[in-house]
Amino acid sequence: MEKIYGLLGRTLGHSWSVPIHRGLGCEGYRLIELEPGDLEGFLRREDIGGLNVTIPYKRDVMKFCDRIDGVAAEIGSVNTLVRREGKLWGYNTDIDGFRYMLRRAGISLKGKKVLILGSGGASLTAQAAAKQEGAREIVVVSRTGEDNYENLPRRHAGAGVLINTTPVGMWPDLEGAPVDLGLLPELTAVVDVIYNPGRTNLLLQAAERNLPCAGGLSMLAAQAKRAEELFFDKSISDGETEKMVSRLWRDRTNIVLVGMPGSGKTTVGRCLAGCSGKPFVDLDEEIIRKAGKPIPDIFAQEGEDAFRKLEHAVLTEACAKSGQIIATGGGAVLRPENRAAMRRTGRVYQLRRRLEDLPTEGRPLSRAGTLEEMARVRGPLYGAAADVSVLNDTRPEETAQEIWRDFCG
């Protein structure tokens, strides 16, 4: 009898589970979307091999389990089901993934006051993990009750670690953050269980403050690895988890190019698309297509403010997608919300050239003021946006290869 392996949930179009589990060797793994009324009938099937369970069924499936692992019972949430000798066993591998994420990032909860944002199923896992990791105090923050968001600075300004288990900042609603880290001046680390985007606004705040931080991608891969071990009663090395994290990051993360007008973003971007196989998006070309006119005409007829609004809309739409090469306009870094959009879903590279080598023909701002003035204003903003700075003073193919090596490494 062929057995069923897959992810059980209600709406699963956003899931990354299929490539993860197939990459770990479960070729028949698939998405299984069910309405609540269909849950019991499906879980009675004898041909179930192993299932992962996601929102909204992590608690609902527990009443159909014949056996529940002690850790899952303590957490009060099951995310993995295995059929053994006719019995349905329930486990929680999220906690394995969560603790792996902490270890990988070098974040310790031992002796710390830990704030956990949210009170849902992911919060239960984080609470259990914090207890196992030796947290001194665990505070669950929700919208109601004494420990609510408004009371954070008054009651918990001395917290050491912040863990977000809410969906705030998760794809497709990438804007916003659950809290302002400025309210928590004694933080030593920030954790966000969201894996899409790779860097939520909360993690961008943490990076600005040079705080150790971790996103949910490694947790996702590690919990899947543990589930596969339970499905097939075998051991899988953590090396396979790391391979999966690297593969997902490489496939899903955008490469975003920023730099002065004429620094070679479009040319190098096209070369990168050729060597990486990722689709290429030129934001200036997208702006021209949307506006129905050349960029100098937009500046001349509607002004710079109108152009920047259109640029922001096009950039935000492009960066919300994954696995692309994106060449931005020279002034895209001027707005902080643009810089955040680039960094949430991409690794950002600044292309540098000597000012005397930058062409100005057909570039309205390059012609309106001196390049020296522009470089003085924009230079710090390119630095704030970029993860890596690359000198583009050789053949574009060589620059593209340098970026690709860094990205893959």
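**Strand β12 and its surroundings**

Author: Happy to! Six bridges join β12 to strand β15 (residues 346-352), and the two run parallel. Keep in mind that this is a predicted model.

Reader: Nice. Which residue of β15 does Gly259 stand opposite?

Author: Gly259 faces Leu351 there.

Reader: And how many bridges join β12 to β14?

Author: Three, with β14 covering residues 325-327, and this pair is parallel as well. Ile255 stands opposite Ile325 in that strand.

Reader: Is β12 largely enclosed or open, and why?

Author: Largely enclosed by the rest of the structure, because six of the six residues in β12 (residues 254-259) are buried. Asn254, Val256 and Val258 point one way, while Ile255, Leu257 and Gly259 point the other, and all are buried.

Reader: Switching topic: which residues touch the most other members of the largest nonpolar core?

Author: Val258, Leu283, Leu315, Ile326, Met342 and Val348, out of 26 residues in that core. Elements that each supply at least two of its residues include β12, α11 (283-291) and α14 (336-345). The largest share, five residues, comes from α13.

Reader: What is Ile326 in contact with, leaving aside neighbours within four places in sequence?

Author: Asn254, Ile255, Val256 and Leu257, plus Val281, Leu283, Ala318 and Cys319.

Reader: How many residues are in the second core?

Author: That separate core has 21 residues, among them Ile75, Leu102, Val114 and Ala128.

Terms used. Residues numbered from 1 in each chain as written. Predicted model: local features only at pLDDT ≥ 70, side-chain atom pairs only at ≥ 80, totals over all residues. Heavy atoms only, no water. Buried < 20%, exposed > 50% of the residue type's maximum accessible area, 1.4 Å probe, protein only. Helix = DSSP H or I, 4+ residues; strand = E, 2+ residues; numbered from the N terminus. Pairing = 2+ DSSP bridges. Core = buried A, V, L, I, M, F, W, Y, C linked by side-chain atoms within 4.5 Å. Contact = heavy atoms within 4.5 Å.
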